[in-house]
Amino acid sequence: MSIFIQILFNSLETGGILALATLGIILIYRTSSAFNYAQGVISMFCAFMAAYFMRETGANVWISTLVGVLGAVVVGVIIDRVVISRTIKLHSVSKQIVTLGLVIVFLGLAPMFFGSIPYTYTRFAQGTLSVFGATITYSAIVNILIGVSIMGILLFIIQKTKIGLAVRATASNDVVARMMGIPTPLVTMGAWAVAAVLGSLAAMMIAPTTTVNFFMMDSIQITALLACVLGGLGKFFGPVAAAYLIAFATNLVSFYISSVWSEAIIYLLILSILLITPNGIFGKKILKKV
């Protein structure tokens with residue numbers, strides 16, 4: 001029982017981090033019609049801002065995280081206004097190539113601003129808690145609560161509010177949305193800002209377990225992209241649910257089969273599922289009449 005509780009809490013923590021990164025990617029995909037391959041490096045850059053602020057000022061982790069979040073908003077808005085807004089008429093593949101260019105840009109800017117030495121980042125809470133024999137850190141509980149609450153709030157906004165209706169309309173057909181009076185450039189700018197915030201939060205949640213370094217989000221980025229495809233690109237909640245499923249499956253495989261081959265096994269399982277359901281677990285097959 002204690003082992004299962006341990007796996008469950010670890011999966012909820014890891015799944016929350018993955019879900020934040022995944023929702024950021026799917027939000028950009030639905031509003032800008034392109035995968036944002038720079039999500040990971042943007043998140044890394046914002047985490048460096050928070051860690052640098054913490055080191056230079058001695059601020060606590062909550063204030064530093066707030067600085068990182070505000071920096072992420074600024075970075076997201078700048079990227080949209082300077083780069084993405086100029087690619088509206090480009091093909092989706094061209095937009096994705098632009099995001100690959102952003103990877104190079106941020107990998108170059110990070111050492112220029114923050115140096116090449118990794119930074120440490122403090123946990124959100126200290127201490128441990130015993131639950132039915134399983135040892136859970138308070139930091140993990142905070143991460144779980146942050147992930148679940150943010151996912152719930154954002155999915156509620158997307159599904160139940162006028163702002164969410166504008167996002168869904170832009171995601172469905174931006175041309176028709178503009179004809180209906182929806183300010184799609186503003187929606188897209190907001191999507192990039194929110195996506196940057198979600199990614200930076202994921203980076204700052206995982207940073208205490210490693211360090212803030214240039215490649216800290218690489219595996220998260222890859223897994224988040226897989227979660228988007230596995231959950232279905234036509235939904236917002238599907239990729240989020242897939243992120244939690246991947247985290248739980250990875251922890252189960254790591255414990256009961258092999259921690260060395262867990263990622264390879266999970267990738268094979270995802271490939272097998274996609275061979276059966278190419279549109280993802282929650283995706284729908286779209287038929288068009290000719």
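The paragraphs below take the aromatic rings, then the cavity.

This is a predicted model, where local features need pLDDT of at least 70, side-chain atom pairs count only at pLDDT 80 or more, and totals for chains, interfaces and linings use all residues. Residues are numbered from 1 along each chain as its sequence is written, and side-chain values use heavy atoms, without hydrogens and water.

The whole structure holds 15 aromatic pairs. Rings of Phe, Tyr and Trp (its six-membered ring) pair if their centres lie within 6.5 Å; planes under 30 degrees apart are stacked, over 60 edge-to-face, the rest tilted. Phe45 and Phe106 pair edge-to-face, at 5.4 Å centre to centre and 70° between the planes. Phe45 sits in helix α2 (residues 39-57) and Phe106 in helix α4, so the pair ties together parts 61 residues apart in sequence. Helices here are DSSP runs (H or I, at least four residues), numbered from the N terminus. Phe45 is buried at 8% relative accessible area, and Phe106 is buried at 6%. Buried means under 20%, exposed over 50%, partly exposed in between (1.4 Å probe, protein chains only).

Phe237 lies in helix α10 (residues 237-256), Phe282 in the segment after α11 (262-276), 45 residues apart. Phe237 is partly exposed at 38%, as is Phe282 at 28%.

The largest cavity is lined by Ile28, Ser32, Ala34, Ile84, Thr87, Lys95, Thr99 and Trp192. A cavity is a set of points on a 1 Å grid over the protein atoms alone where a 1.4 Å probe fits but cannot get out; lining residues have an atom within 4 Å of a point. Helices α1 (2-32) and α4 (92-114) each supply at least two lining residues.

Notes. On a 1 Å grid over the protein atoms alone, a cavity is a set of points where a 1.4 Å probe fits but cannot get out, and a pocket is an open set with protein on both sides within 12 Å along at least five of seven lines; lining residues have an atom within 4 Å of a point.
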